[in-house]
Amino acid sequence: MSSWIDRATFPTSGSARGLLQVSPEGDLVAPLDAPDRAAALDLAAATLRAAGLGERDRVVVALNNDGEAAGPLITQAAAEVAQAAASVGPRGRMRLHTALERVGATALVTTPAGAMDFLARLHLEFLLDPLDLELDHIFLVGEIPSPNTASQLAAEFEASVRELYADPFFGVPVAWRAPGDAALTPVRDGLLGLAPTDKDALLEPPYDAGLAELVLTPSWHATLGDAVLRTGHAVRLAGGEQGVPAPAHTVGEHVLVRGRWLSVPKIASALARIDGVARWELRIKREGTLDSAALHVTFNRDTLVKNPMWKSRIAQALYALTPVAVEVVVEPEVAEERRPPTISDQRGHHLGRDRSQLS
């Protein structure tokens with residue numbers, strides 16, 4: 001019988017050997033020993049090739065790498081397919097432009113919001129023409145894109161735009177889709193499926209209408225090949241779908257912000273150690289091109305509202321927890337009654353923390 005695993009129940013790897021991928025919060029350690037890493041690279045290379053990357057391409061990968069090895073892994077896989085590949089990280093947009101020119105890049109791998117922000121800055125700040133970069137391919141990975149992102153990028157850069165679906169545990173691309181495609185195209189059968197949010201059971205196509213979570217069966221992995229991994233990505237099915245749609249939502253105790261999974265329980269644990277916090281709300285929005293997050297805190301004593309030290313303590317607690325920039329906003333009113341924390345996702349992405357209550 002398969003074990004069902006999510007980010008909160010991912011097995012500890014204190015005895016694992018070889019390369020370990022550690023989430024920014026340190027709560028998820030994904031082992032990739034030499035055979036598993038070779039299998040992951042083969043899978044990533046096959047996905048990139050299927051999505052259109054060719055042997056004459058030159059690739060720049062602009063993705064985060066803070067413990068998570070997704071950027072370097074995709075870069076190494078791209079180097080096996082293309083003529084050359086470089087991992088430059090999510091550097092400043094002008095430095096990314098310089099890297100693309102110096103590498104002679106024909107392909108860019110980045111997040112959807114990162115690509116749109118890069119495009120906006122080319123126009124508004126640098127007064128540069130996107131066509132001058134002569135990109136043939138743009139591969140988007142790691143975030144839920146805003147509507148029409150792919151079509152706008154394709155028009156502005158006159159490039160082929162493909163969305164990659166990467167395993168959120170190991171960062172391995174396992175599926176792709178072109179603009180206009182409703183469903184993802186897995187590079188191998190049996191890797192990607194759907195499950196109800198309230199039941200550990202795989203759904204069979206054609207799917208009934210309702211909410212479903214994307215799940216992975218990483219058969220390529222030596223120790224987790226028999227497990228079913230709940231990704232935290234979710235879709236609303238209209239009914240009758242044969243394939244797995246690209247995710248439009250997230251569910252569970254982690255919220256996806258700027259391509260990073262932010263743990264709500266860890267925020268709650270950190271704030272519980274700070275005296276005077278009556279309640280708090282995490283507000284996430286995407287105004288313009290990039291995600292932003294703000295933690296709105298209500299204190300139980302008026303003396304704390306204008307105390308810069310208390311606000312600084314909360315900011316430092318968040319800084320120690322995650323690389324995602326989270327603004328701290330102190331509400332002017334005081335509340336004596338404590339309330340559970342809330343999540344307000346103005347992007348419409350996160351549907352709720354308790355999977356079992358969402359179906």
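Analyst: What follows covers helices and then some individual residues. This is a predicted model: local features need pLDDT of at least 70, side-chain atom pairs count only at pLDDT 80 or more, and totals for chains, interfaces and linings use all residues. Residues are numbered from 1 along each chain as its sequence is written, and side-chain values use heavy atoms, with hydrogens and water left out.

User: Helix 3 to start. Which residues are buried there?

Analyst: Helix 3 spans residues 93–103, and its buried residues are Arg 93, Leu 96, His 97, Ala 99 and Leu 100. They line one face of the helix, because seen down the axis they fall within an arc of 160°. Buried means under 20% relative accessible area, exposed over 50%, partly exposed in between (1.4 Å probe, protein chains only). The arc is that of the directions from the helix axis to the C-beta atoms. Helices (H or I, at least four residues) and strands (E, at least two) are DSSP runs, numbered from the N terminus.

User: Which residues are exposed on the other side of helix 3?

Analyst: Arg 95, Glu 101 and Arg 102.

User: And what covers the buried residues of helix 3?

Analyst: The cover includes strand 4 (58–61), strand 6 (107–110), helix 4 (112–124) and strand 18 (290–299). Contact here means heavy atoms within 4.5 Å.

User: What comes after helix 3?

Analyst: Gly 104 follows helix 3, and its phi is positive, near 70°.

User: Helix pairs now. At what angle do helix 1 and helix 2 pack?

Analyst: About 65°, with the axes 8 Å apart. Helix 1 is residues 34–50 and helix 2 is residues 70–81. Axes are lines fitted to C-alpha atoms, for helices over the stretch in contact, and angles run from 0 to 180 degrees between N-to-C directions.

User: Is the crossing of helix 1 and helix 2 left-handed or right-handed?

Analyst: Right-handed. A crossing is left-handed if the near helix is turned anticlockwise from the far one by less than a right angle, and right-handed if clockwise.

User: Which residues make the contact?

Analyst: From helix 1, they include Ala 40, Leu 41, Ala 44 and Leu 48. From helix 2, they include Leu 73, Ile 74, Ala 77 and Val 81. By class, the contact has 10 nonpolar, one polar and four charged residues. Ala, Val, Leu, Ile, Met, Phe, Trp, Tyr, Cys and Pro count as nonpolar, Asp, Glu, Lys and Arg as charged, and the others, Gly among them, as polar.

User: What about helix 6 and helix 8, how do they cross?

Analyst: The axes of helix 6 (residues 264–272) and helix 8 (residues 308–321) come within 10 Å and cross at roughly 140°. That crossing is right-handed. Lys 266, Ile 267, Ala 270 and Leu 271 of helix 6 meet Ile 314, Ala 317, Leu 318 and Leu 321 of helix 8. The contact divides into seven nonpolar, no polar and one charged.

User: Single residues next. Is Thr 231 buried or exposed?

Analyst: Thr 231 counts as buried because its relative accessibility is 1%. Thr 231 sits in strand 13 (residues 228–237).

User: Where does the Thr 231 side chain reach?

Analyst: The backbone nitrogen of His 233, at 3.0 Å. That is a polar contact: a pair of N or O atoms within 3.5 Å; within protein, one must be able to donate a hydrogen and the other to accept it, and residues adjacent in sequence count only if both atoms are side-chain atoms. Leaving aside neighbours within four places in sequence, Thr 231 touches residues including Tyr 165, Phe 169 and Trp 261.

User: And Asp 345, what does its side chain contact?

Analyst: Its side chain makes a polar contact with the side chain of Arg 347 (2.9 Å). Asp 345 lies in strand 20 (residues 342–345). At 12% relative accessibility, Asp 345 counts as buried. Leaving aside neighbours within four places in sequence, Asp 345 is in contact with Ile 284 and His 350.

User: Where is Ser 292?

Analyst: In strand 18. Ser 292 is partly exposed, with a relative accessible area of 30%. Leaving aside neighbours within four places in sequence, Ser 292 is in contact with Arg 283, Ile 284 and Lys 285.

User: Last one. Where does Gly 180 sit?

Analyst: In the loop between strand 9 (173–177) and strand 10 (185–186). Gly 180 counts as exposed, at 82% relative accessibility.
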